[in-house]
Every structure is written in C-alpha cells, then in structure tokens.
Amino acid sequence: MKKLISIAAAGVLLLGLAGCATDSAAPGGDSDAGPKALDELVVGFAQVGAESGWRTANTKDIQSAFADAGIELKFSDAQQKQENQIKAIRSYIQQGVDYIAFSPVVETGWDAVLNEAKAAGIPVVLTDRAVDSQDESLYVSFLGSDFILEGEKAGQWLLDEYADTSEPVNIVQLEGTTGAAPAIDRAEGFAEKIAENDNFQVIASQTGDFTRAGGKQVMEAFLKSNPDIDVVYAHNDDMGLGAIEAIEAAGLTPGEDIKIITVDAVKDGMQALADGKINFIVECSPLLGDQLVDIIKTLNDGGTVEKRIVTEETTFTQEQAIEALPDRQY
Ligand code: AHR
C-alpha cells in the first residue's frame, strides 16, 4: 500500500513539474536553464505615457517595486502613441530582455508584435489595460482593474442619487482615449447601469484623452451647446478636474449646479471630492508594481500565474475622501 502511495505521489510530482516546465515555456522562456538570480533578470516595460496623475503614480510604483526587488527595469514612455509602444516592445525583443510588460494604449492592433515576442521566447505580461486579441497565448497574464465594474459603480451612484427624481437628468460624458480599454469599458458599464432609469440621458459624449487640458476643453464646448447639464461623468479624475475649471469659468458651481462623478481617486481628485467639487469617485488603483514583480518572480522560478488578476478597489464619497486624504500616497 505504502509503495502504491509513493508511486502515485511521484507521478503527481512529475506531472506538476511537467506542467510548470510547459507553462514557464509558454509563450517563451528557457525552461531548462532554471531560475536566474534576480539581479540578472531584465524586464522591459512599455508605459502608455504621462497623461494623468494616475499614470504618474503607476510609473513611480512600478519603478520603485523593481528597484526594491533588485530587478533591472528598462522603461519607455510612449506618449500615448501606439506606434511608440510597438517600437519600444520591438527594441526590448532585440535587446533580448527576459520579460516584457506593458499597458496597451489602445485595445487592438497588437497581434503582430506580440507574435514577435512569442517567437523570441519572451513572455509578456499586460498591466492595467487589456488587448483585444483572439489569441490568449500571446500574453501570460493580465493584471489590472475591472473597468466595466468601475463604470457600473459610477452608474449605480447616480441611480441612488436620483432615486426620487422624476425629472429628466442630463448627463455629459468625458471619455478616455478613444479605443483604450478603460474608455470602452467604463462607458459600457455606466450605460448598462443608467439604462435602469428612463430619466437618464447622455446628451453629449466626447473624448478628453484622459488629460486635464482635454477635459477642460471638451467641457467648455459642452457648456456652450448644452444649457441644462445636470451631471458630468468623467472617465478619470484629471478630466473631471479640467471640467471643474470650465464649469467655474462659466460662473457655475461644480458639485452643486452640476454633479461630477470621476474614476481613479488620485490625491487631486480626492481633494476636489473633499472640497465638494466632485461628488463621487470610483477608485482605480495604480499600485500594480509589487504584483507585477511577484508575477515575474513566479515565472522566473518556473511557476504558473493566473491568466487574469483583478485589482481590488473601492469607491469614495465626500466623507470617505476627507478620512482617506491624510494617508493618500498618490
Ligand atoms: O488605464 C487606466 C487609466 O489611464 C486611468 O484611469 C487614467 O487616469 C489613465 O490615464
């Protein structure tokens, strides 16, 4: 009996090891070489840009997590252009880095370069934003928020806020970068939720490219052509902060004359919420550095990682923002 159990255990162990070897070799990786010392590892990270407070916090967090772990990080800023990100990824492939991580500026158009990484045996990790591809073998894991859920949370707040109103509620939407996962999904989640109340109508929707200047400019145009705006739904804090400037310049009081909902919860957004200029914020955490380092370490050790790792997030009202602000790091 004992012999049978040990044969079975050895079989399970072998199967496990075989599984690890296959997984660490997919899409690339030299599984025979064993783990590298952390100070020998090189990771290439292709960042979207520096468009928002969220992005700055995300960059800082990733850079410091890799520095703390003693892993070399090659970093590039694509200035919100897909062609720059593709160039950066190709350059990482040429340099023969061990892993590539990136936050895709838009969802589509990645298959060619990801196939090149796969052919070179370099595993790719997606952080923050997803790619829209039929071939899931092109990346090992996607670490980031559930943007549809974020949009639903924003819509739910509005449903609750206007639960007793029978008047029409005019909403304008400041969209993120066209084609980017958070812009697509936050719009979708929000639209699905607000469809539960016939009084809600989105009277205008346009991209502000996730920037403060973009949010301000689009809001100025919205205010000129729509005299009765009740609510602004901005896909990030920065665009909401830009909208506040436009609303104040038009002689209106943000948070009172026009209610504002945003996504992110960076310090400036939280301050505006505490000051009553924003009414509700859905959190999107930029602190992905430690989790990304853990993924790289696991892969380096020949282990497997979850295909989808969802970031834990909350929401903030004015009272909650006042309480959280003193400890807010970003
Ligand atoms: O992909 C995350 C989004 O990108 C953040 O909400 C936004 O601020 C950033 O630019």
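Predicted model: local features only at pLDDT ≥ 70, side-chain atom pairs only at ≥ 80, totals over all residues.

Colleague: What share of the residues in the protein chain is buried, and what makes a residue count as buried?

Modeller: Of the 330 residues in the protein chain, 51% are buried. Residues are numbered from 1 along each chain as its sequence is written, and side-chain values use heavy atoms, with hydrogens and water left out.

Colleague: How many helices and strands does the protein chain have, and what makes a run of residues count as one?

Modeller: The protein chain has 11 helices and 12 strands. Both are DSSP runs numbered from the N terminus: a helix is a run of H or I with at least four residues, and a strand is a run of E with at least two. Along the principal axes, the C-alpha atoms of the protein chain fill a box of roughly 75 × 50 × 40 Å.

Colleague: Why is the contact between E116 and R90 called a salt bridge?

Modeller: A salt bridge requires a side-chain nitrogen of Lys or Arg within 4 Å of a carboxyl oxygen of Asp or Glu. E116 lies in helix α4 (residues 111-119) and R90 in helix α3 (residues 82-95), so the bridge ties together parts that are 26 residues apart in sequence. E116 is partly exposed at 31% relative accessibility, and R90 is partly exposed at 37%.

Colleague: How many salt bridges are found in the whole structure?

Modeller: The search finds 14 of them. One of these joins R328 and E283, with 3.1 Å from N to O. This pair links distant parts of the chain, with R328 in the segment after α11 (318-324) and E283 in strand β10 (residues 280-283), 45 residues apart. Salt bridges also link E51, R55, D128 and R129 in a network.

Colleague: Are R328 and E283 buried or exposed, and how do you know?

Modeller: R328 has a relative accessible area of 12%, and E283 has 9%. Both values are under 20%, so both residues count as buried.

Colleague: What makes the aromatic pair of W157 and F280 count as it does?

Modeller: The whole structure has five aromatic pairs. In this one, W157 and F280 lie 5.3 Å centre to centre, with 10 degrees between the planes, and the pair is stacked. W157 belongs to helix α5 (residues 147-161) and F280 to strand β10, 123 residues apart. Rings of Phe, Tyr and Trp (its six-membered ring) pair if their centres lie within 6.5 Å; planes under 30 degrees apart count as stacked, over 60 as edge-to-face and the rest as tilted. W157 is buried at 13% relative accessibility, and F280 is buried at 6%.

Colleague: How do you know that the charged end of K307 sits over the ring of Y139?

Modeller: The term needs NZ of Lys or CZ of Arg within 6 Å of the ring centre and within 35 degrees of the ring normal. The charged end of K307 is 4.7 Å from the centre of the Y139 ring.

Colleague: Which element gives the most to the lining of the second largest pocket, and what makes a residue part of a lining?

Modeller: Helix α2 (residues 53-69) gives the most, with six residues. On a 1 Å grid over the protein atoms alone, a pocket is an open set of points where a 1.4 Å probe fits, with protein on both sides within 12 Å along at least five of seven lines; lining residues have an atom within 4 Å of a point. Among the lining residues are G53, K60, V266 and Y330.

Definitions and conventions
Buried < 20%, exposed > 50% of the residue type's maximum accessible area, 1.4 Å probe, protein only.
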